[in-house]
Amino acid sequence: MSVVSSIEDLGPCQRRVHIEVPAPAVDAETARVVNEYGRQVRLPGFRKGKVPSSLVQKRFKDEIEREVLDRLVPRYWKQAEAESALEPLLPPNVEQVELKEGEPLTFVANVEVQPSIELGDVENFDLPEAVTEPTAEETDEALSSLRSQVADWIEVERAAARGDLVHLESTEVDEEGEPTGESQEVDLEVGHDNVWEELSLAVTGLEAGQETTFTRQEEHGDHSHLRHFSVKLATVKEKDLPELDDELAKRIGDFESLDALREQIRERLGQEKDAAARAAREQAVLEQLRERHPLELPSGVVEEETRGLLREYAESLSRQGVDIEKASIDWNQMAEEVRPQSERRVHARLVLDSVAGEFEVDVEPEELETRLALIARAQGKTTTSLRQGLSQGGQLEGLRRQMRREKTIARLLGTEPKADSDVAEDVSESEE
């Protein structure tokens, strides 16, 4: 017996499903809940488990009805979803719930669904050239960077310059130069990306024992303020670069010769350039698919994507030690700033799903199991526990859809999907 009484079409992405749960099913579930309550509750004058059902149902009427709804609404929504074949993009927004004794349970589920897309050209794309062979100059630059990383620092008697390692004492001061906090001793590389540029400029040209001040303007939401610092230089060190020879290769890693190190660097750069070229070509495909298939996007899915991006940003700040509760962040403004990115992502996924359906792209069970095993290993879990967690959280189907999109993009590019080993590496990096 169908539980879907009617479906209203509210627009390209909106459906309203009217659902009716038969009265016998409601009565049976209510009886089960009443019996469960009866075995647990204690009332004056009755032993545990001996309270009459009628009294239990009267005394705990609201709690029992809430429990019945919590069980029946999700269960019969799943049945309605299967019957209607709507494939909602998000969990339903349930409203107009009516539960009366002896009558069917009725409720309405509002859902956003995949819009109907009339596919245009999905074969011909203007793609960037896939140059993946590293040049000799790129290899030399990477080798130079490794050489610099293993260099020793030696103290010198001259003014500090960019690239030098300096040891200094820093104190925050007020506008009159009076200290406002304790001094800190730090080592820093002048001009490094992690060093304030104001500080690098201030110490450049100083010799050991000399002092100076600098000012830094910091932004906090719509507000900004100036901070003043006094610094005193203690030592200046420069890099003593090792010779480019076989000994350097052995120092850097398990390499027999400098040529072997160069070859490893060349292979790594090639892999990085191959990944970058693939990503650029994928982005080109997605951009052209969006241009060729303008859509009215499901607003709820866009909002969910926006919230996800904001969560990622907040987690990134937390990992950097930022107290989110105290940070002056206008989350509403930030939501508006990231919404275009959310719209592009949602748009691309909707078109890819339609292309996947047109090309009959699917994910085989063994492919899904392989991916689950790789993710589980990267997260230090068993495949079974990971599958259960994803399934309970409603994310297992999302993983399958993502894999289907990956295969679809690969087909559009005329390449193989991303190797599972690469996927495992991506997952490991995302967990760090």
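Modeller: Begin with burial: a residue is buried when its relative accessible area is under 20%, exposed when over 50%, and partly exposed in between, using a 1.4 Å probe and protein chains only. Helices (H or I, at least four residues) and strands (E, at least two) are DSSP runs, numbered from the N terminus. In strand S4, 7 of the 8 residues are buried, so S4 is largely enclosed by the rest of the structure. The model is predicted: local features need pLDDT of at least 70, side-chain atom pairs count only at pLDDT 80 or more, and totals for chains, interfaces and linings use all residues. Residues are numbered from 1 along each chain as its sequence is written, and side-chain values use heavy atoms, with hydrogens and water left out.

Biologist: In what order do the strands of the open sheet lie?

Modeller: Strands of a sheet pair through backbone hydrogen bonds, either parallel or antiparallel. Here two strands pair if DSSP finds at least two bridges between them. The open sheet has 4 strands in the order S1-S2-S4-S3, with antiparallel pairing. Its edge strands, S1 (4-9) and S3 (93-98), each pair on one side only. On average, neighbouring strands are turned by 15 degrees against each other, direction ignored; such angles run from 0 to 180 degrees between N-to-C directions, with axes as lines fitted to C-alpha atoms, for helices over the stretch in contact.

Biologist: Over how many bridges do S2 and S4 pair?

Modeller: S2 (residues 14-21) and S4 (residues 105-112) pair in the antiparallel sense over 8 bridges. Within S4, Phe107 is the residue opposite Ile19, and Glu112 is the one opposite Gln14. On the S3 side, the antiparallel pairing with S4 has 4 bridges, and Glu98 stands opposite Thr106. The hairpin of S3 and S4 has 6 residues between the strands, and Gly102 takes a positive phi near 80 degrees there.

Biologist: Which helix lies across S1, S2, S3 and S4?

Modeller: Helix H3 (residues 61-84) does, running at about 55 degrees to S4. Tyr76 belongs to H3 and is buried, at 13% relative accessibility. Contact means heavy atoms within 4.5 Å. Leaving aside neighbours within four places in sequence, Tyr76 is in contact with Val3, Ile19, Val21 and Ala25. The C-alpha atoms of Tyr76 and Glu20 are 8.5 Å apart, although 56 residues separate the two along the chain.

Biologist: How is the packing of H7 and H9 to be described, and at what angle do their axes cross?

Modeller: Two packed helices are described by the angle between their axes and the distance between the axes. The axes of H7 and H9 (residues 331-359) come within 9 Å and cross at roughly 85 degrees. H7 is therefore roughly perpendicular to H9; angles under 35 degrees count as roughly parallel, over 145 as roughly antiparallel, 65 to 115 as roughly perpendicular and the rest as oblique. From H7, Leu286, Leu289 and Arg290 make the contact, and from H9, Arg344, His347, Ala348, Val351 and Leu352.

Biologist: Is Gln288 buried or exposed?

Modeller: Gln288, in helix H7 (residues 258-292), is buried, with a relative accessible area of 13%. Beyond neighbours within four places in sequence, Gln288 is in contact with Asn124, Phe125 and Asp126.

Biologist: Where does Ala85 lie?

Modeller: Ala85 lies in the loop between H3 and S3. Its phi is near 55 degrees, a positive value in a residue other than glycine, and Ala85 counts as exposed at 57% relative accessibility.
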